Amino acid sequence: MFMDINSGAGSSFPSNFTLLNNKILFAANDGINGTELWISDETVAGTKILKDIRAGVDSSLPKSFTIYKGKLYFIANENVFNSELYVSDGTESGTQIFKRINQNNSSDISNLIVFNNLLFFAADDGNGKVLWSTDGTDAGTTKVKDIVPNE
């Protein structure tokens, strides 16, 4: 065993191992902060929680790790029902919501994929879940097409 993140009888359930700038980012549960974003430089001392997105024992459940333009994009829950698109440069201060698509409710982000130098994903802007894309900038994050308008 490399490290017992959730010491005792509990499992840390590590998942989504992804390389970013010679570091390993992953999701794990330490039994104190819930399942959150972790980082490792391959040493025990350098393996730690990167950001407690959903503070306290509740989990943000980071998932769908996707590297795009040298950053990690992923889905996390800031509360029970609010699934948002996050980005991380591998630092705590550089780990944040990338863009809130739905200002009034959960953006219900899903299905991240990189294609033709864009990051595509599904999101609900309050008018239904549709295809979005981003070039990694706020201004370059747009709805691709609403296939069934007004639903």
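**Figure 1. Surroundings of tyrosine 73 in the predicted model.** Beyond residues up to four places away in sequence, tyrosine 73 touches Ser64, Phe65, Thr66, Tyr68, Leu85, Tyr86, Val87, Phe98, Leu112, Leu119 and Gly136, contact meaning heavy atoms within 4.5 Å. Across the strand pair, tyrosine 73 stands opposite valine 87 in S7. The model is predicted, so local features need pLDDT of at least 70 and side-chain atom pairs count only at pLDDT 80 or more, whereas totals for chains, interfaces and linings use all residues. Residues are numbered from 1 along each chain as its sequence is written, and side-chain values use heavy atoms, with hydrogens and water left out.

**Figure 2. The open sheet S5-S6-S7-S8.** Four strands form this open sheet with antiparallel pairing; strands are DSSP runs of E with at least two residues, numbered from the N terminus, and two strands pair if DSSP finds at least two bridges between them. Strand S5 (63-68) and strand S8 (95-99) are the edge strands, each pairing on one side only. From one strand to the next, the twist averages 35°, with axes fitted as lines to C-alpha atoms and angles running from 0 to 180 degrees between N-to-C directions. Strand S6 (residues 71-77) and strand S7 (residues 83-88) run antiparallel and are joined by six bridges.

**Figure 3. The largest nonpolar core.** This core has 14 residues, and those with the most contacts inside it are Tyr73, Leu85, Ile109, Leu112 and Phe121. A nonpolar core is a set of buried Ala, Val, Leu, Ile, Met, Phe, Trp, Tyr and Cys residues joined through side-chain atoms within 4.5 Å. Two or more residues each come from S6, S7, strand S10 (118-124) and strand S11 (129-134), and S10 gives the largest share, three residues. A second, separate core of 12 residues includes Leu25, Ile39, Ile53 and Ala76.

**Figure 4. Serine 88 in strand S7.** Serine 88 counts as buried because its relative accessibility is 0%; buried means under 20% relative accessible area, exposed over 50% and partly exposed in between (1.4 Å probe, protein chains only). The side chains of serine 88 and threonine 95 are joined by a polar contact of 2.7 Å, that is, a pair of N or O atoms within 3.5 Å, one able to donate a hydrogen and the other to accept it, where residues adjacent in sequence count only if both atoms are side-chain atoms.

**Figure 5. The aromatic pair of phenylalanine 17 and phenylalanine 26.** These rings are stacked, at 5.3 Å centre to centre and 25° between the planes. Rings of Phe, Tyr and Trp (its six-membered ring) pair if their centres lie within 6.5 Å; planes under 30 degrees apart count as stacked, over 60 as edge-to-face and the rest as tilted. Phenylalanine 17 is exposed, with 55% relative accessible area, whereas phenylalanine 26 is buried at 4%.
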